[in-house]
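Below are some notes for a colleague who is opening this entry for the first time. They are meant to be read with the structure in view.

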Amino acid sequence: MAAPRLFRPTARLFSSRLASTALRSNLRQSACAPSILRRGYATEDGTKQVTVRDALNEALAEELELNQKTFILGEEVAQYNGAYKVTKGLLDRFGPKRVIDTPITEAGFCGIAVGAALAGLHPIAEFMTFNFAMQAIDQIINSAAKTHYMSGGIQPCNITFRGPNGFASGVAAQHSQDYSAWYGSIPGLKVVSPWSSEDAKGLLKAAIRDPNPVVVLENELMYGQAFPMSEAAQKNDFVLPIGKAKIERPGKDLTIVSVSRCVGQSLTAAAELKQKYGVDAEVINLRSIKPLDVETIIASLKKTGRIMVVESGYPMFGLSSEILALSMEYGFDYLTAPAVRVTGAEVPTPYAAGLEAMAFPQEDTIVSQAAKLLRL
Amino acid sequence: MLISTKAKFFLPLGARRSTVTRLRAEQRGFAQVTGPETIPEENDRPFTIPLAEESFQTYNLDPPPYFVETTKNQLKQLYRDMIVIRRMELGADQLYKERKIRGFCHLSTGQEAVAVGIEHAISKEDKLITAYRSHGFTYMRGGTIRSIIGELLGCRDGIAHGKGGSMHMYSKSYFGGNGIVGANVPLRAGIALAQQYDETGNVTINLYGDGAANQGQVHEAFNMAKLWNLPVIFGCENNKYGMGTSDKRASAMTEYYKRGQYIPGLRIDGMDVLAVLTAVKHGRDFVKRGNGPLVYEYVTYRFAGHSMSDPGIAYRSRAELQKTRENDPLTNLKMKLVDWGIITEDEAKAIEKEVRRFVNEEVENAKQMPAPEASLDVLFEDIYVPGSEPSQRRGRTVDETWC
């Protein structure tokens with residue numbers, strides 16, 4: 001607990017612009033090609049194109065192989081091969097003891113998974129979507145997240161909750177909500193949300209290995225997308241640290257903080273900003289919602305002086321509200337413009353395509369807001 | 001006088017004694033039994049005691065035997081354990097009234113036979129999880145009185161280091177109380193799943209109240225437990241009231257042992273510790289043989305109010321309370337033990353005195369325990385498993401925050 005204080009409240013800081021200059025040059029030196037540009041150039045140095053779905057499947061298979069205490073349960077995960085085919089082939093490979101089909105009974109099977117975790121197993125509970133996990137959120141929060149603390153540290157709960165979250169196409173209000181802020185606000189939980197295939201594999205494996213309850217918020221629309229996967233990421237010991245963000249595209253003029261599917265949109269928007277205005281936006285892929293990589297966000301903010309958050313949750317009391325508050329608490333003196341956010345609209349997701357598009361961030365929304373922020 | 005068919009094989013000790021027993025029993029409305037045939041001199045030699053026919057009602061299940069094999073030592077221990085829990089609860093009651101215990105404090109006075117009977121029927125490797133009326137179970141699962149009372153007082157050396165309070169106490173093979181009514185039922189099915197998965201051959205015992213029996217997730221857990229043949233005894237501790245709502249005002253069908261529908265069930269006289277012990281032993285064997293889950297109903301009564309702020313008389317009559325107080329599990333056992341000549345009145349008094357001294361001493365010890373240090377380090381410890389904590393910790397202000 002006695003971690004070094006990496007950041008002090010701005011008010012208590014010397015205004016040390018020197019430090020941020022050093023940081024900037026540092027990052028420039030280590031600048032790498034943004035992964036958006038790498039897409040499609042997969043085979044050099046042993047990388048290969050892998051879909052997010054296959055990356056998740058690989059992560060599950062590897063962890064089931066490595067740890068006998070691990071099993072997966074959920075609706076349609078076994079014989080049906082997963083509602084979204086993420087668990088494809090796992091039943092054949094690991095058998096019905098390790099890959100368990102449950103009835104449609106979220107509160108019940110989630111409680112059973114948590115109970116098994118309390119008794120020492122390492123379950124992976126799949127929700128067909130996190131919309132249905134609302135039926136079970138009491139078990140996730142009251143039984144899984146709080147028990148270690150309530151027991152004075154004698155009762156751990158090693159469990160992973162995973163499934164698609166957030167925006168999905170044409171499924172209307174009950175199947176298209178982002179729960180990042182809900183789970184991100186609960187002490188005792190860790191929450192990750194992958195964008196790319198490397199994210200998906202590394203974060204899911206980290207979640208399964210973490211001794212605490214971890215919520216993995218995937219996105220249905222990402223499952224079919226292919227990303228290059230490095231040689232290192234293809235190995236079965238590849239794990240990403242929970243709590244570390246990734247700078248997907250370095251830049252000096254504006255920090256765009258994003259997560260999950262919105263990372264891809266932000267990268268496209270950043271490329272357009274460069275092309276249209278010659279502006280270099282730095283895009284941060286949060287990867288982890290709880291703990292949040294405040295260090296990376298604030299370091300980037302100090303470098304660029306401007307911050308914009310892009311996410312698909314509701315605007316009120318959300319992930320972006322949190323990051324905007326943090327940027328004021330820890331980066332106020334470095335901001336050269338008010339922090340802005342692009343979020344989902346405060347509306348139950350409508351069905352009609354034209355209305356649906358207005359309810360979630362689009363690439364042009366990001367570009368236009370960035371241009372406005374930069375007074376371009 | 002009703003005597004079970006099995007009990008008929010045992011001769012009454014003597015006409016006078018059984019008449020006394022019968023009279024007392026009728027006064028209390030308590031099930032009547034004859035005494036054991038012969039009682040050995042030795043404290044550790046097993047002998048058989050018959051149970052009353054009213055002890056059990058079955059649902060798609062062969063009844064447990066109407067007798068229990070026990071020893072004088074065990075009977076005395078059963079008695080002592082029940083008094084310990086009663087005295088501990090009365091101690092908590094006192095401390096609450098002195099405003100030393102804050103927040104929740106749900107007492108189990110009147111229900112001691114359930115916690116004690118179950119523990120004497122299972123092994124330490126069997127798992128147990130209960131709801132929020134958890135003090136007695138915590139003691140029976142190995143929690144010390146000082147650590148339980150210390151927890152109620154919010155002390156650093158309480159069983160959960162002052163982090164849990166009345167509803168959240170844990171120990172080995174004991175998965176605690178749970179403050180969310182009904183939520184512990186799927187958890188228990190999950191613990192049973194883990195036992196099946198690990199092929200431990202052990203059984204999970206769970207308790208929930210008659211109020212919780214109407215929660216949807218209870219039935220979700222029943223379904224999966226039967227579907228997957230999980231080694232679990234679901235147990236409705238029917239104390240007749242969910243807070244202030246009587247079972248009849250809450251449940252369309254109050255035969256909770258039949259609520260499993262496709263799961264065999266048993267209703268047990270929860271005011272008779274020997275009936276509870278016998279039933280759970282029987283159920284444990286049934287489940288261990290791979291027969292799948294059971295739904296038990298322990299019919300008991302809550303002598304106190306729902307919690308400390310409830311005097312417990314607004315929704316039930318004084319006459320009812322008075323009547324059930326005469327069916328006290330402690331008195332029930334003591335009268336039998338005295339009637340059967342296993343202990344004398346004086347010995348019973350001596351046990352009570354010794355327990356009172358012991359519990360008072362433990363309570364005094366708990367009172368001496370320090371409160372947790374009011375520091376951020378203590379406040380934030382154990383949110384995550386040590387070694388896996390996030391480097392950040394968010395306090396009330398930026399000054400109290402590590403990022």
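At what angle do the axes of helix α2 (residues 72-97) of chain B and helix α3 (residues 112-119) of chain B cross? The second point below takes this up, after a word on the model.

1. This is a predicted model, in which local features need pLDDT of at least 70 and side-chain atom pairs count only at pLDDT 80 or more, while totals for chains, interfaces and linings use all residues. Residues are numbered from 1 along each chain as its sequence is written, and chains are lettered from A and ligands numbered from 1 in the order in which they are written.

2. The axes of α2(B) and α3(B) cross at roughly 135° and come within 9 Å, where axes are lines fitted to C-alpha atoms, for helices over the stretch in contact, and angles run from 0 to 180 degrees between N-to-C directions. That angle makes α2(B) oblique to α3(B), given that angles under 35 degrees count as roughly parallel, over 145 as roughly antiparallel, 65 to 115 as roughly perpendicular and the rest as oblique. Helices (H or I, at least four residues) and strands (E, at least two) are DSSP runs, numbered from the N terminus.

3. The residues that make this contact are Leu78(B), Asp81(B), Met82(B), Ile85(B) and Arg86(B) of α2(B), together with Glu112(B), Ala113(B), Ala115(B) and Val116(B) of α3(B); two residues are in contact if their C-beta atoms, placed from the backbone, lie within 7 Å. By class, the contact of α2(B) with α3(B) has six nonpolar, no polar and three charged residues, where Ala, Val, Leu, Ile, Met, Phe, Trp, Tyr, Cys and Pro count as nonpolar, Asp, Glu, Lys and Arg as charged, and the others, Gly among them, as polar.

4. Chain B has 13 helices and 10 strands, and its C-alpha atoms fill a box of roughly 80 × 50 × 45 Å along the principal axes. UniProt, in an unreviewed entry, places "domain: Dehydrogenase E1 component" at residues 81-374 of chain B, a stretch that is 45% helix and 11% strand; such annotations may be inferred rather than shown by experiment.

5. In chain A, α5(A) and α6(A) pack at an angle of about 20°, with their axes 9 Å apart, and α5(A) and α6(A) are therefore roughly parallel to each other. In this pair Ala107(A), Cys110(A), Gly111(A) and Val114(A) of α5(A) meet Gln139(A), Ile140(A), Ser143(A) and Ala144(A) of α6(A), a contact with five nonpolar, three polar and no charged residues.

6. Between the chains, the contact takes 45 residues from chain A and 44 residues from chain B. On the side of chain A that touches chain B, the elements that give two or more residues are α5 (106-118), α6 (137-145) and α7 (147-150) of chain A, and α5(A) gives the most, with 10 residues. The residues of that side divide into 23 nonpolar, 17 polar and five charged.
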